[in-house]
Amino acid sequence: MLTVSVKWQKELFPKVEIDTSQPPYVFKCQLHDLTGVPPERQKIMVKGGLLKDDANWATLGVKEGQKLMMMGTADEIVKTPEKGPVFMEDLPEEEQMVAVGHTAGLFNLGNTCYMNSTVQCLHSVPELKSALVSYPSQKSSDLDHTSHMLTAATRELFNELDKSVKPVAPMQFWMVLRKKYPQFGQLHNGVYMQQDAEECWTQLLYTLSQSLRSPSFSSENPDTIKALFGIELVSRVHCQESGEESSETESVYSLKCHISQEVNHLHEGLKHGLKSELEKASPCLGRSAIYLKESRINALPRYLTVQFVRFFWKRESNQKAKILRKVDYPLQLDVYDFCSDDLCKKLEAPRQILRDEEGKKAGLKAKEKTSGSKDNDVKMTDVERPSNESGESSKPTSKEGGPTDKKSHLTGIYDLVAVLTHKGRSADSGHYVAWVKQESGKWIEFDDDNPVPQREEDITKLSGGGDWHMAYICMYKARTVPM
């Protein structure tokens, strides 16, 4: 790492760090954050001429403490006449974000699409953003320094994404992520390697679970991440040979969709994923034996994450291989069949309320079709619209119009709100992209710094079977009812 100062117009930026293991383009992204000058407009004077995006730092002769000169015009929002038409590009950035209907993209800092796509999916969870806003800047005594730094960096990055329509360079977040988890800093020929998005997702959630359940952070909800993403499994472990049987409980952050020749749909893959064989010592037989482990869901989260187990270790070639098989998944997922008897009983009443509500809506919809009244059409539009676009029940009201003390209850039914895909045939290369449903109900494809609107019917086509983007992680949001 080198530290330099940068002179731009009348401003001087002291102590700007250069990561010499990264191409100059990453340095330009840093300067973009400082000055607002896009990388393509920057002209930075170095030995031999202008600094090129792909130049080699070793040959440029940049020294510690050196002053660099930069020229370039920052992006500016043009001021409009008082009574003239207002164009979107003339609005303040916060208003531009509302107008375009989605938040900013993320610059790829060199094989960081796995990180960008993970961040965009988790950024779509409003309850997680709220918890991070409340996270203190001072580290608590029971938390390690790197976990605190990564949590704070996540909070700041989420905040940047919410306030900008222009792409954000996640430099600080990436640096802290590598410090906390060195495997994400692996180099090959001097270039940072592609990493597994699921590993990034899991490690980030684990860190946040430690930070956001710290006693000094929250006494009301001691485990925010578990409440949002945690799935409690109860398992029956049985050995057919000895007749031994035991039960165990565990908490996980995702369900696994195992892919085989028999699996064509997510439901089938989840069924396979909840059954497994394991070999362990049998006290009765005095040797190793095969045990069958059958799991059921005993507690559900607000957001249900499903991982498609597409990557496996191939012994013959001694490398990771990818399963390309097409596995369909729904926009609405019902996990009732995978729940324990106790949980099924708890879900029965909320599910009946949901069925009754949907039945009323269906009846009103039929009535609307037979009615020729324009007034009826207007009223029906209001009745059919869900309480919000993501499918979550709004806060119930009493007859007088004030809020009641009813609580939202889970139904076991979930709506798809995010898909993380992988494109390519190799597990160690390819490209990751996030497809995220906005509060407006529209879907946005976040391909690094390039957000593009997509149709909902195209989201379920990311099911695999070829070289196109295929679902690797799906995130579903719980459909709830007030009781």
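D196 touches Y114, F184, F311, K320, Y432 and Y472, leaving aside residues up to four places away in sequence; contact here means heavy atoms within 4.5 Å. Welcome to a predicted model, in which local features need pLDDT of at least 70, side-chain atom pairs count only at pLDDT 80 or more, and totals for chains, interfaces and linings use all residues. Residues are numbered from 1 along each chain as its sequence is written, and side-chain values use heavy atoms, with hydrogens and water left out.

Where does D196 lie? Its place is the loop between β7 (191-192) and α8. Helices (H or I, at least four residues) and strands (E, at least two) are DSSP runs, numbered from the N terminus. D196 is buried because its relative accessible area is 10%, and buried means under 20%, exposed over 50% and partly exposed in between (1.4 Å probe, protein chains only).

D196 also caps the N-terminal end of α8. The table gives polar contacts (pairs of N or O atoms within 3.5 Å; within protein, one must be able to donate a hydrogen and the other to accept it, and residues adjacent in sequence count only if both atoms are side-chain atoms).

| Side chain | Partner | Distance |
|---|---|---|
| D196 | Y472 side chain | 2.9 Å |
| D162 | K129 side chain | 3.2 Å |

In α8 itself, the buried residues include W201, L204 and L208.

Now to D162, a residue of helix α6 (residues 145-163). D162 counts as partly exposed because its relative accessibility is 26%. D162 and A104 sit 58 residues apart in sequence and 7.3 Å apart in space, C-alpha to C-alpha.
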